[in-house]
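Here is a short tour for anyone meeting this structure for the first time. Keep the 3D view open and follow along.

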Amino acid sequence: MTAFSETGWAKINLALHVRARRPDGYHAIETLFAFVDGGDAIAAEFADADSLTIDGEFADGLSAGSDNLVLRALALLRDRYGADRVPPLAVTLTKALPVAAGIGGGSADAAAMARLVRRHFLPEIGDVTLARIMSPLGADVAACVASETCLGVGTGEELSAVAGLRLGGTPVLLVNPRQPVATGPVFAAWDGIDRGPLFTGAEPRAGLLGARNDLQRAAIAQCPAIADILLELGALRPWLARMSGSGATCFALFDAAAERDAAAALLAERHPGWWTMAGALR
C-alpha cells in the first residue's frame, strides 16, 4: 500500500515584539520565525474515508476528530481542488512535540499535512498560495508552510525574508517543563507597552541579540518554571537564550554542536522531568 510522510518542523520565535492591541482582538506583532530540524511526524495512505490516528509521547488528550487542524488542512485543500485531486487519506500523527508549548504544534502539523498533499497530488501549488489557503487555521500556519527563517508582521502572517541573517545549521536546544501554557491568557496579560520595533537599523545578528519576547513576563506569571529554565540555559553560555512564542518552551542557540550536547546532558541530569530536544536550525 502506498504511504506518504512529512514532518511538522518545530517552530521557534527568535524574537517576538508586541506592538499594539488591535480592534479585532488580535495583536500587532513583529516576530522572527525559525524552524528546527525535528518535530512531529505525519504519515498517510489511501483510504475509503479520511481518518486520523494520534500516537506518540504527547498524544494524550488530543482530539482526532474533524476539528483537528490536520484534518481541517486536508479538508481545505479538497474543498479548493476537489475530491478527484485530493483523495481520502488515513493519517497518523505522531506527537513528539509538547502541546501548548509555543513551538508551532498544531500549526506545524497542519502545514505538514498541506505540504504532503501538495507534494503528491497538487505539485503546481507554490508556498504563497498554499499559505493563503491554510490561513484560516491560524496566524502561525503561513510561516510553517515554508518552515524557513523569516520575519512575520501583522498577526504574524505577513512574511518576508531577513537580508543578511544566515542561521541554517545553528545548534539549538529546546527545553520545556512539561507544563502547557495557554496562548490567549498570555496575550491578554501583555502590559500594553510598545517597547519598539524589531531590528531597526541593526545588523541582523546584533539586532537579534538586542531583541526580546514581550510575552515572557506574562508567561512566567502563568508558568514560573519558565524563569527556572531561562536561568539554567543562561548559565550554560549559549549565544542566545529566550522563550519561544507564548511559552513554555525556551531555546538556546550555541556556536558548536558539542556545546549544545553538553548542555543537554547537564540539564537531563539536573532536571530529568523536563523535556528537551537537541537539533539544528533549518
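## Aromatic pairs

This is a predicted model, and its aromatic pairs come to 4 in number.

Elsewhere, F4, F46 and F121 are linked into a cluster by ring pairs.

## The largest nonpolar core

Now look for the largest nonpolar core, which has 41 residues. The residues with the most contacts inside this core are I42, L77, L89, V91, M113, V117 and M134. Elements that give it two or more residues include β1 (3-21), β2, α1 (69-81) and β4 (89-94). Helix α2 gives the most, with 9 residues.

Leaving aside residues up to four places away in sequence, V117 touches L74, L77, V86, L89 and L122.

## An enclosed strand

Strand β5 (residues 150-154) is largely enclosed by the rest of the structure, because 4 of its 5 residues are buried. Which strands pair with β5? Strand β2 (residues 27-46) is joined to β5 by 5 bridges, and the two run antiparallel. Here T31 has G152 of β5 as its bridge partner.

Strand β6 (residues 158-160) also runs antiparallel to β5, with 3 bridges between them. L151 is partnered with S160 of β6. The hairpin of β5 and β6 has 3 residues between the strands, and in it G156 takes a positive phi near 110°.

## A helix with a buried face

Finally, turn to helix α8 (residues 225-235), where A225, I226, I229, L230, E232 and L233 are buried. Seen down the axis of α8, these buried residues fall within an arc of 165°, so they line one face of the helix. L231 and A235, on the other side of α8, are exposed.

The buried residues of α8 pack against β7 (171-176), α7 (216-222), β8 (240-243), β9 (250-253) and α9 (257-270). Just after this helix, R237 takes a positive phi of about 60°.

Key:
Residues are numbered from 1 along each chain as its sequence is written. This is a predicted model: local features need pLDDT of at least 70, side-chain atom pairs count only at pLDDT 80 or more; totals for chains, interfaces and linings use all residues. Side-chain values use heavy atoms; hydrogens and water are left out. Buried means under 20% relative accessible area, exposed over 50%, partly exposed in between (1.4 Å probe, protein chains only). Two strands pair if DSSP finds at least two bridges between them. The arc is that of the directions from the helix axis to the C-beta atoms. Contact means heavy atoms within 4.5 Å. A nonpolar core is a set of buried Ala, Val, Leu, Ile, Met, Phe, Trp, Tyr and Cys residues joined through side-chain atoms within 4.5 Å. Rings of Phe, Tyr and Trp (its six-membered ring) pair if their centres lie within 6.5 Å; planes under 30 degrees apart count as stacked, over 60 as edge-to-face and the rest as tilted.
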